[in-house]
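Student: I am new to this structure and would like a close look at a single part of it. Please take one part and describe it step by step.

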Amino acid sequence: MPYVKDYKEFDDKHFYGGDDLGAVIVDGKTQFRTWSPRAYGVYLKIYNDGVGNNLVETLPMERHRTGVWFVEILRNLDGYFYTFTYEFYEQKEETIDIYAKACGVNGERGAIVDFSTTNPDGWDKVKNPQCKTPCDAVIYETHVRDFTIDESSGVTFENRGKFLGFTQSGTTCKGVKTGIDHLVELGVTHVQLLPVEDYATVDESKPHKAQYNWGYDPKNYNCLEGSYSTDAEDPKKRIKEFKKLVMALHKKGIGVIMDVVYNHTYFSDKSAFHKSFPFYYHRTKDWKFTNGSGCGCETASERKMVRKYIADSLKFWVTEYKIDGFRFDLMALHDIETVNYLRDELDKINPQLLMYGEGWTGGESPLASDKLAYKWNSHSFGRVGLFNDNIRDGVKGGTFNAYDRGFVSGNMNAVGTICRALTGCVPHYQLKGHHEECCWAFEPTQSINYCEAHDNNTVWDKLCISVKDESEETRIKMDKLAAGIVILSQGVPFIHCGQDFLRTKPKILPDGEAPNDWNIYDENSYNAPDYTNSIKWERKAQYKDVFDYYKKLIALRKSSPLFRLSTKGEVESCHKFHKQQDNNLILYSLTGFDRCYVVMINPYNCEKTFEIPWDLWNSGRYFVRLDAEGKRNTTPIENREFTAPPLSLTVLKKASV
């Protein structure tokens, strides 16, 4: 087998920096290149279709410098399919090209595509929405299928659960807006899509079979998932339909963020990467795959051609599909040098592109922890965002203990964590010595604030478990308070689709399993059916007041730069805490840009009185900008002692500025 003992020395000798790997149509000719320095021979196979016995021809490829293999066909092969066969000693492996930018059904063969023929009408005229700083973003995470597969979405049958489901306006359910109109009404700036790159575990050849996966089982990184297309057998169909999704959102001023999963491959020794160059693309120990992802393997981002591959892939999505940002799954498995390099490469295209990820791994990696993009190493890659698990667990309680309570559900020990989160987890002069483990962000732009995502229990389900004896009315107040803290904290707010109307994930129990307090909710629904995962739009009508509150919070955040401070210097100068007699009551002011706000957070299930400090009170009169219902009252308050309702966040605004 083609073992490499010293990868650094090998990379220095064999690195290929060209941007032409894969299948490229140039001047009516089709060129093929692949990198495999240790192969004895490589063969190109051309097919008429994405599957089946329809081989057209087999051609040997010529080895060039640094281990690139090349062959050119003197005609335009747009519409054909291809594979590479790599020969190592007596072993031959046929596989899809890892650089394939389109594929046939189930991603077994690459598709040769002239991308100029895949643009919808008007594609060239639609521009990426502007996002001057990450703190201007309000991110909404959703899964393509979840968003419209339910009949309540109002989307036409043929488009439900598909890319085209995002393109259909005018849909309603019981008098409330659904689909893309819901996104506009809510006011989010970006939609983060769970993986839309081709993944392994849904059989695209059976579109009418009930199948589901989140998509964290990557197969082909540069190809689109066919199950989201109206015709998975037509490579151009999925490309054009995804472009229509992007174009529809861009026309509404909403950016598109892709959830990318470069940290592992679904297959290990059967993956196209391993077949094209065994053991190069994955980390190993004693020639066995290491499992830092918890999924059976992990990619070796520190190797030059792996780093280049990820960068090339990102640049392809940005330039061909006008993507606005990337969310990295298990980003801590990538080395810090690679993460900074990827940010540099994206900056060359568009510095406004968002880039953030999970600052943890799914297992133990053999690469030294000080070289990996863990959250605790955040200052080494300060231009890249990280999910803030401190605010997540501080708000609702520990993620991995369904019964654990957070600040909004009665755990006052979390008040220090919440104060740190409100300042974007950057250094703050008033919080020195307090909860230093929560002071990890280089700038507030690095803190992705959330309390719910596709993983784990939804906030509503966790509240139904951890405070099940409380009334629904009380739990709704807790949910609203959680939303207020997340959306108005410094940093970047992140909302899970349906969170804004109390999304729940009911679980189908196996035969013989008795229901209890927690197992009736699915906390890991990665392959659960639509019954569990689909968005039930009736809930928006049922909990319209909750949706309206989220909407008002977002509008308030967008109305003033004081809720979107982008540097730690601004946070330190504009954000000031004001001590109350009860340390669990949080009162802080935001002053600057000729404005002043006072925010009061009452975590108790009873009324509490706040005292507005004299220096603020004497400087002008205040009115309620946002109350517990999201409403405003322009009549100035008359007393600096303000009684806040139970479980509430109240925002006052100074009337004189």
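Student: Which residues have the most contacts inside the largest nonpolar core, and how many residues does that core have?

Tutor: This is a predicted model. Its largest nonpolar core has 177 residues, and Phe32 and Phe242 are those with the most contacts inside it. Helix H6, which covers residues 304-321, gives the most to this core, contributing ten residues. Phe242 shows what such contacts look like. Leaving out residues up to four places away in sequence, Phe242 touches Phe163, Leu193, Val196, Leu224, Trp317, Tyr321 and Ile323.

Five strands make up an open sheet with antiparallel pairing, in the order S24-S25-S26-S30-S28. At its edges are strand S24 (575-577) and strand S28 (622-626), each of which pairs on one side only. On average, neighbouring strands of this sheet are turned by 25° against each other, direction ignored. Strand S24 and strand S25 (residues 586-592) pair in the antiparallel sense over three bridges. There, Phe577 stands opposite Tyr588 in S25.

Two helices pack on the sheet. Helix H11 (residues 472-488) touches S25, strand S26 (595-602) and strand S30 (648-654), and the direction of H11 makes about 45° with that of S30. Helix H14 (residues 544-559) touches S26, S28 and S30, and the direction of H14 makes about 125° with that of S28.

Definitions and conventions
Residues are numbered from 1 along each chain as its sequence is written. This is a predicted model: local features need pLDDT of at least 70, side-chain atom pairs count only at pLDDT 80 or more; totals for chains, interfaces and linings use all residues. Side-chain values use heavy atoms; hydrogens and water are left out. Two strands pair if DSSP finds at least two bridges between them. Helices (H or I, at least four residues) and strands (E, at least two) are DSSP runs, numbered from the N terminus. Axes are lines fitted to C-alpha atoms, for helices over the stretch in contact, and angles run from 0 to 180 degrees between N-to-C directions. Contact means heavy atoms within 4.5 Å. A nonpolar core is a set of buried Ala, Val, Leu, Ile, Met, Phe, Trp, Tyr and Cys residues joined through side-chain atoms within 4.5 Å. Buried means under 20% relative accessible area, exposed over 50%, partly exposed in between (1.4 Å probe, protein chains only).
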